Amino acid sequence: MLEAFVTNLGRYNEGYLDGEFLKLPATTEEVQALLKRIHVDGVRYEEVFITDYETDISGLYDCLGEHESIDELNYLASLLENMQEWEQQKFAAALELGEHTGSVKDLINVAQNLDCFEHYPDIEDEEDLGRYYIEEMCALEVPDHLQNYIDYEAYGRDMNLDENGSFVNGGYIVSNGDSFAEYYNNRDDLPEEHHIFAYPVPEKSVQKLLASYQETISEAPTALERPRPGKGER
């Protein structure tokens, strides 16, 4: 559904491409394992950016940038994964309208506002639209003996202008007038299970070394506790 090529920014600036595709939605453990493989340790290398995407949702690729939040991408991917096929088609058609595509935040809200759109995947042009409204929606009563004289294309053109719909790669889409709600505003609205970005856990040997240092420091006597040397002692 959605994969992001996560790249080590520090290594990239040094002339190396340390990166790998992350299939979303993912878990914290999967993110940590990937970061470890591309040498992002949270100490020497902390920053990542996204150099490529792969998705089978038409139009989604062009809406995503290099510096997207992995947590937000994970949330979006989860929403898309839970859609039925017809909902995914409607989502792709809604993206072509270009009204809510400026950020991942917008895309998340589109995914949660699909009921604001009507999508007709089999309608490809104005003639199809006019025929659909007249024959299927009964928008205009036409006696049988006059059906051959109807200009379906002209009627479809008028309907399209009237409702401000759009012919897109996936058919025809139009806003049905329902209010578009901002369900997602910022990362404060991100469900806890989608906070998946975390640096790899240090190796046990490193943890033990740090613990040893800490123990040595805590057990070492302070200057006030150290005995003063006696006469002749150095």
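**Notebook: the fold and helix α7**

I began with contacts in this predicted model. Among contacts in the protein chain with a separation of 6 or more, 68% join residues 24 or more positions apart.

Next I listed the elements. I found eight helices and six strands in the protein chain. Read from the N terminus, their order is β-α-β-α-β-α-α-α-β-α-α-β-β-α.

Then I checked burial and surface. Of the 234 residues in the protein chain, 35% are buried. The accessible surface is about 14,800 Å². Carbon and sulfur atoms hold 46% of that surface.

I turned to α7, residues 152–163. This helix has 12 residues. From first C-alpha to last I read 16 Å, close to the 16 Å expected at 1.5 Å a residue.

Which residues of α7 are buried? I noted Tyr152, Tyr155, Gly156, Met159 and Asn160.

What do the buried residues of α7 pack against? I traced them to α6 (126–136), β5 (166–168) and β6 (171–175).

I also looked at the face turned away from the buried side of α7. There I found Leu161 and Asp162, both exposed.

Last, I checked what follows the helix. Just after α7, asparagine 164 has a positive phi of about 55°.

Methods:
Residues are numbered from 1 along each chain as its sequence is written. This is a predicted model: local features need pLDDT of at least 70, side-chain atom pairs count only at pLDDT 80 or more; totals for chains, interfaces and linings use all residues. Side-chain values use heavy atoms; hydrogens and water are left out. Helices (H or I, at least four residues) and strands (E, at least two) are DSSP runs, numbered from the N terminus. Buried means under 20% relative accessible area, exposed over 50%, partly exposed in between (1.4 Å probe, protein chains only). Contact means heavy atoms within 4.5 Å. Accessible areas come from the Shrake-Rupley method with a 1.4 Å probe; for residues, only the protein chains shown count as cover. The expected span of a helix is 1.5 Å times one less than its number of residues.
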